[in-house]
Structure formats: C-alpha cells, structure tokens
Amino acid sequence: FNKSHSAAYAYIAYHTAYLKAHYPVEYMTAVLNAEKNKIESLMKYLKECEVMKIKILPPDVNQSKVDFAVEDDNIRFGLSAIKNVGEANIIGIISERDENGSFSSLQDLVSRVDMNKKVLEGLALSGTLDKMIFNRATILHNVEKITQYSQIMKKERNSGMVGLFDESSSSDTNETKHINLEQIPEFKENILLKMEKENIGFYITGHPLGKHEDKIRAYSTHSTEKLREIKTLIDSDEATGIEIPDRVELAGIFVDIQLKRTKSGKQMAICQLEDLDGTIKVIFFPKAYEKFIEKLNTEDPIFLKGRFDTSGKEVQIIIELLEELRKLPEKIKTNIINIKIDEKKIHHNNIEGLKKILKGNPGKNPVVFHLFDLTSQKKVNIRVGKDFYISINDAIFDKIREINCIEDLWVTGR
C-alpha cells in the first residue's frame, strides 16, 4: 500500500475524528446531507445520531431549511427529504417565510404560497404541518377545498387585487375568506407511520415495530443491517476473520410481497422483511410458500428462521420457519461478546491480562474468541466457559481493546 496514501488517509481520519468528537452535531449534519439520497446509509447514520444522543427533529414548515440543518443542539430534517414537493416549491416556501415571516396557520400558508394537491399531501403526511393543523387525516379529507382556496388567492395576487388594500386590510381580507374544514378522526398510528415512510422513505415520529423492540432483539441472531454488512465484506474480499452464519433468525414485518411462478408453474413468493434497522429479501420456495401462506399475509410482526444466502448480487434469506411473534414466549436477551485475536501477538502476559479483565466483570453474556490456528491453518472460534461470561460495559470493552493482541471486539445478538 502506497505510503503517501496512508499518510493522506491518516490525516483525513484524524480531522474527521476531531470534528466528530468536538463538533458532533455539525459533523453528523454534514454526514446526513452527504448521504441524503441513499436511504439505507441515511438510516444507518440517523441511528448513529440516536446512539450519540443527538435528537433528530421532524420537518417543520416554519423551521426546516432545504437540507438537514443544525438547530440548537439538535438536527432538523430538511424539506428536500419530502417526496413529491419539488425543489422549486421548497425554495418558494422558504423564500416567502424568510421575506415575510413565519406562517401563522394553514390558511396563512396556502394564502401566501401556491399549493397544489401533491405538495399539500406531501407536507401533511410527512408531519411538516403538524403544529398548525388539527390532524393529518383532516387535511387529506379536505385537500380539494384547501388547494382551491390556494388557487383563488394566487389569482388575486397575480391580478393585483391584494395591492388595492393596505398592509393591515390585506390580512383582514384573508381572514374573511376562511377555509371551513370538516374535521375527522386521525388515522391509526400504523397508518400514519406507513404514510410517513411513503413520503420520506423511512419513519420519523416512530416505528411500527417500536413497541416490540425488546422481543425482536431477544429473538434475532442478527439485524438486517448486520447481514448486509457481512455481504458487503464478502463481495469486497474483506471477510477474513468474520463469522459468516449458515442460518439466521430475525423478527420484523413484511412490507412487500411479490408472487411468482416457477418454471414448473408452482407458486412462490419474494418478500422484503423490515426490522428496526432496515430491510432484507426473503425467498419462499413453493413448499415453504404452501406451508406458510396464511402467516405470510399477516400485518403483525413475525419471527423467521432461514438459510443465509450470499451467492447472488443481493443478500437474501431462504425461509425455513415462520411464526407469529406474539405467540412466542417472552425471552431474556443475551449478547455474545466476540473478540478477534491476532495469533502472532499472543503472549502469556496478554492472555493473563485478558483473563483478569473477564474474571473481574462477571455477567450473563458469553465470550467467543476468533483467531487463526497456525497449526491447522484454519480459522477457529473458541467459546469460553461460564466462569468467564461478562457484563456489557463500554469501559471494559475499551480495556480489552487496549491489550496488544486484540484486533477487534464486537457484540452480536444471541
């Protein structure tokens, strides 16, 4: 590897690490804007913000800028994240707000800004108007009435009628042309979240699996994000030392189901399973499809077991078992602490130091050592006895990483 490249990468790594440590909100805002057109990457970094205790504020017609922006110690969603609104409309809204002040109400907004059906629905369903409306369902129910009002006000502005009035009477005129909205009950939470995802690409105010998180984590051996990472490493020939599972267990919901026919005419299905971290393809071959068809069509969270397949361009799971999550008993979550050791640096003092750390922090989480056996010339995984099970503690992990022979440490679900 070229040394000049090493120096350049080290220089960049130092600067980015410094910025992340000392200006975390500004740094993550820049990262989110750089990845805003890549949904899976964006979800990954939004989760990183959550870990860093940086609050992500939802889009707001009176606060949001075009892109992600720093707001106090938080990050505010930009309006460009909303589908079907369009750059010209976004710039129009922000320019009007900057020039003439915040929008005091929905009526004030549609009086001052040209509002068509697609734009209004996009703003409403993404939560951008939440602070000035009764609820999102009411906006959709009255969308024709609201957009007609907006067009009338546009014609008056263009005809010069507003100019006939002074500044105070202009406001009074808009108030007299009140929009009478028929109020209806709000959508159910799962419908609201589904619409949110359709309009932005992911969930903002919540997640349909949020209330099942503990159970999902307890039953899943991997997350969809982790499985995609393994696939990426395999494709880049960087999977050395990484444990590649033959079979996996996951829990989530099916968000897309496509029915197909095999060459012999039998029915099968290709689905997208969504968990708390992303989505993954799941294949139901004819026998599995016939066996699990009733459970496949449920909107409730499910638990599955399957073969982990990385042979194609896209990672996928070949289904073997499918159960409704609600029918499974509660389960206490344990994690496996994985420690990768550089076998060439193993020394008595290193091992004794590691044993001392493990013994000094007893817990319920198993520890697995990953290393290359120089004698057999094979990768081996060594699971320690229960006397060396430990608790999950970042300070302890840092101590382990400081030991000379330790290459990596990571936690996986059991």
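Modeller: The protein chain has 15 helices and 13 strands, where helices (H or I, at least four residues) and strands (E, at least two) are DSSP runs numbered from the N terminus. Its radius of gyration is 27 Å, well over the 22 Å that the globule rule gives for 414 residues, so the chain is more spread out than a compact globule; the radius is taken over C-alpha atoms, and the rule is 2.2 Å times the number of residues to the power 0.38. Along the principal axes, the C-alpha atoms fill a box of roughly 90 × 60 × 40 Å. This is a predicted model, in which local features need pLDDT of at least 70 and side-chain atom pairs count only at pLDDT 80 or more, while totals for chains, interfaces and linings use all residues. Residues are numbered from 1 along each chain as its sequence is written, and side-chain values use heavy atoms, with hydrogens and water left out.

Of the 414 residues, 43% count as buried, a term that means under 20% relative accessible area, against over 50% for exposed and partly exposed in between (1.4 Å probe, protein chains only).

Turning to the rings, a pair of aromatic rings is described by the distance of the centres and the angle of the planes. Rings of Phe, Tyr and Trp (its six-membered ring) pair if their centres lie within 6.5 Å, and planes under 30 degrees apart count as stacked, over 60 as edge-to-face and the rest as tilted. By this rule the count comes to four aromatic pairs. One of them joins Phe77 and Phe202, a tilted pair with 5.8 Å from centre to centre and 35° between the planes. Phe77 lies in the loop between β3 (74-76) and α4 (87-100), and Phe202 in the loop between α10 (189-200) and α11 (213-219), so the pair ties together parts that are 125 residues apart in sequence. Phe77 is buried, with a relative accessible area of 2%, and Phe202 counts as buried at 3% relative accessibility.

Another pair is formed by Phe254 and Phe284, whose ring centres are 5.8 Å apart and whose planes stand at 65°, so the pair is edge-to-face. Here Phe254 lies in strand β4 (residues 247-261) and Phe284 in strand β6 (residues 279-284), so the pair ties together parts that are 30 residues apart in sequence. Both Phe254 and Phe284 are buried.
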